[in-house]
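Dear colleague,

Please find below the structure that I am handing over to you.

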Amino acid sequence: MSLDVTAIRKDFPVLHRLIHDKPLVYLDSANTSQKPQVVIDALSNFMSHGYAPINRSAYQLAAEATDLFEGTRTALAKFINAPKAHEVIFTKNATEALNLVILSWGRANMKAGDTVLLTHMEHHANIVPWHMLVAERGIQLRWVPLTNDGQLDLTNLDSLLQGVKAFSFTAMSNVLGTINPVQQLCAAAHKAGAIAIVDACQSVPHQPTDVQAWGADFVTFSSHKMCGPSGVGVLWGREALLEALPPFLGGGNMIADVRLDGFTTAELPAKFEAGTPAIAEVIALGAAVSYLENLGMANIRRHEIEMSTYVLNSLTDRFGDDITIHGPTNPELRGATFSFAFRGIHPHDLSQVLDQANVCVRAGHHCAKPLMRILGANATARASFYLYNTQHEADMLADALDSASDIF
Amino acid sequence: MAGLEDLYREIILDHYRTPRNRGELDAPAVSAEGHNPLCGDEIRIFVDVRDGIVTDVRFNGSGCSISQSSASMMTSAIKGKPIDQVKAIVKKFKSMMTVDEDESPVDESLNLGDLEALQGVVKFPVRIKCATLGWNTLLDALTAAGQ
């Protein structure tokens, strides 16, 4: 079933905002997505009528809040096909979720000389914590290179994986849009005796997710890119691995007992949820999950393949060699996130000109400086499309790009 | 609404297309490197300070029209000037960009010349960091030169 984008757009109040009497063309969803009214209502209703602490008070208001909070956990487990709800851990964002896995697992399992395999298309959140372990533990990093069209070059994957303890990679590049063969990569990691950590920030909002079919060990993603509020990240991990993992942050909620001479940790998931979480935001994330499920993740993916096809064809037809779009040219192999260079105009200047037409794109290094160096750029402009974007908006992007040549 | 003509004045685009003092200087000149972590822009400023005078200055790196033209205009404005005057120009410029941090008075009589064209950047707050990148890096280079 194809998406009724006209109806979907009615669900997102901000898309009807006029700035300087012109409509908003929001093409920055890989950065953060807009929010549908049901999510805004869930946040507002809970704040207005249901706000209470979770997990620690006996009165009805608190019990209701706890049920709503845990309801999101259950819904998310179903959404990503996790075997058990208590394998879903809430963090403050996906970066914290990655840090939790990398630092806790790394400290418990890695010593000097141990090796981790990463890829050249990783976000800083899947690079810097490993660099921290390099400094702390003397571990070594190895990298999967890229092909010319921005896919992972898997020619030597098996030899790269030799002796590796963990393979940590993105499911979809936030710069190139490339969708990686997660199932194949997890299987290769396991064959080599490594665990597989998947940064799924860019993929979970845009396509169906099945962590069991992937065969992953840990998967991280964020609420705010999937129509939910900011302030919530998600870590899913296999139960046995989470049980074996030392706690990350210490404090309230994560303990079974605290004595003068030590502590014991709580059961999953509380073990990794120290302190008061983003209660209202987690509850509103539950509304986002329902919203996406009602539309159907497979339908959203199909819409984005259609958008990718249109964007790639229309921009290259119109601008030819004036535009360089990074990443795969086959829409089946990519998400609708396009980093590009245009007529030698610096991305910052380009985004400034686009802003005059309310076309919102990101300009910069996209928290992927190693990849930028490989692309030979300090920065790119990036237009990213989601379920509420239309072909007409892709045309408005093209018109606005064309106008940049009037200045530069 | 601030229009693009406030930002991309002709003199700015001229310095962007035809940068002045672009390049490097050999020792005994010293240099400093600056980054804009938001956008990945990089700049290196070389200064040759002799007898209290900035006898030569160059810049290289890559960045947007605002960061590059601002650096180009800066080099034109300070070349051959005594250190005290250079510092006064930096202070005046940063004050115009609304990012002057110390409390000493700004020399209001100082004429910034072409640099005044960058005044419009203030209407685009995100770009202030672009305009000041070269200037902050110059201060680091002057520190490296013992000034």
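In this predicted model, Asp399(A) and Arg318(A) form a salt bridge, with the closest N and O atoms 2.7 Å apart. The pair links distant parts of the chain, since Asp399(A) belongs to helix α14 (residues 391-404) of chain A and Arg318(A) to helix α11 of chain A, 81 residues apart. Asp399(A) is partly exposed, at a relative accessible area of 44%, and Arg318(A) is likewise partly exposed, at 39%. These two residues belong to a network of salt bridges that also takes in Asp322(A), Arg343(A) and Asp402(A).

Other salt bridges

Over all chains, the search of the whole structure finds 29 salt bridges. One of them joins Arg107(A) to Glu136(A), where the closest N and O atoms are 2.8 Å apart. Arg107(A) sits in helix α4 (residues 94-109) of chain A and Glu136(A) in helix α5 (residues 128-137) of chain A, so this pair ties together parts that are 29 residues apart in sequence. Arg107(A) counts as partly exposed, at 38% relative accessibility, and Glu136(A) also counts as partly exposed, at 40%.

A further salt bridge is made by the side chains of Asp114(A) and Lys111(A), at 3.5 Å from N to O. Is Asp114(A) buried or exposed? With a relative accessible area of 10%, Asp114(A) is buried, because the cut-off for that class is under 20%.

Chain A is divided into domain 1, made up of residues 5-30 + 296-404, and domain 2, which covers 41-293. The C-alpha centres of these domains of chain A lie 27 Å apart. On the side of domain 1 of chain A, 33 residues are in contact with 31 residues of domain 2 of chain A. Between them the two domains of chain A bury about 2,500 Å², and carbon and sulfur atoms carry 60% of it. Within domain 1 of chain A, the residues that lose the most area to domain 2 of chain A are Met297(A), Leu371(A) and Tyr386(A), which together account for 24% of what that side buries.

Which kinds of polar pairing does the rule find across this interface? Between domain 1 and domain 2 of chain A there are 0 salt bridges, whereas 16 residue pairs are in polar contact, both residues being at pLDDT 80 or more. On the side of domain 1 of chain A that touches domain 2 of chain A, the elements that give two or more residues are α11 (297-319), β14 (337-342) and α13 (369-375) of chain A. Of these, α13(A) gives the most, with 6 residues. By class, that side of domain 1 of chain A divides into 18 nonpolar, 9 polar and 6 charged residues.

Ser29(A)

Ser29(A) is found in the loop between β3 (25-26) and α2 (37-50) of chain A. At 1% relative accessibility, Ser29(A) counts as buried. Leaving aside residues up to four places away in sequence, Ser29(A) touches Lys225(A), Ser384(A), Tyr386(A) and Tyr388(A). With Tyr388(A), the side chain of Ser29(A) makes a polar contact of 2.6 Å.

The contact between the chains

How many residues does each chain bring to the contact between chain B and chain A? Chain B provides 24 residues and chain A provides 16 residues. The area buried between chain B and chain A is about 1,600 Å², with 53% given by carbon and sulfur atoms. The rule finds 1 salt bridge across this interface. The side chains of Asp349(A) and Arg127(B) meet in a salt bridge at 2.8 Å from N to O. Across the interface of chain B and chain A there are also 9 residue pairs in polar contact, both at pLDDT 80 or more.

On the side of chain B that touches chain A, two or more residues come from each of α1 (4-7), α2 (10-17), β2 (41-50) and α3 (65-78) of chain B. The element that gives the most to this side is α2(B), with 3 residues. By class, this side of chain B has 14 nonpolar, 6 polar and 4 charged residues.

With kind regards

Methods. Residues numbered from 1 in each chain as written. Chains lettered and ligands numbered in written order. Predicted model: local features only at pLDDT ≥ 70, side-chain atom pairs only at ≥ 80, totals over all residues. Heavy atoms only, no water. Contact = heavy atoms within 4.5 Å. Buried area = accessible area lost by both parts, 1.4 Å probe. Salt bridge = Lys/Arg side-chain N within 4 Å of Asp/Glu carboxyl O. Polar contact = N/O pair within 3.5 Å; in protein donor to acceptor, adjacent residues only side chain to side chain. Helix = DSSP H or I, 4+ residues; strand = E, 2+ residues; numbered from the N terminus. Nonpolar A, V, L, I, M, F, W, Y, C, P; charged D, E, K, R; others polar. Domains from an automatic or database assignment. Buried < 20%, exposed > 50% of the residue type's maximum accessible area, 1.4 Å probe, protein only.
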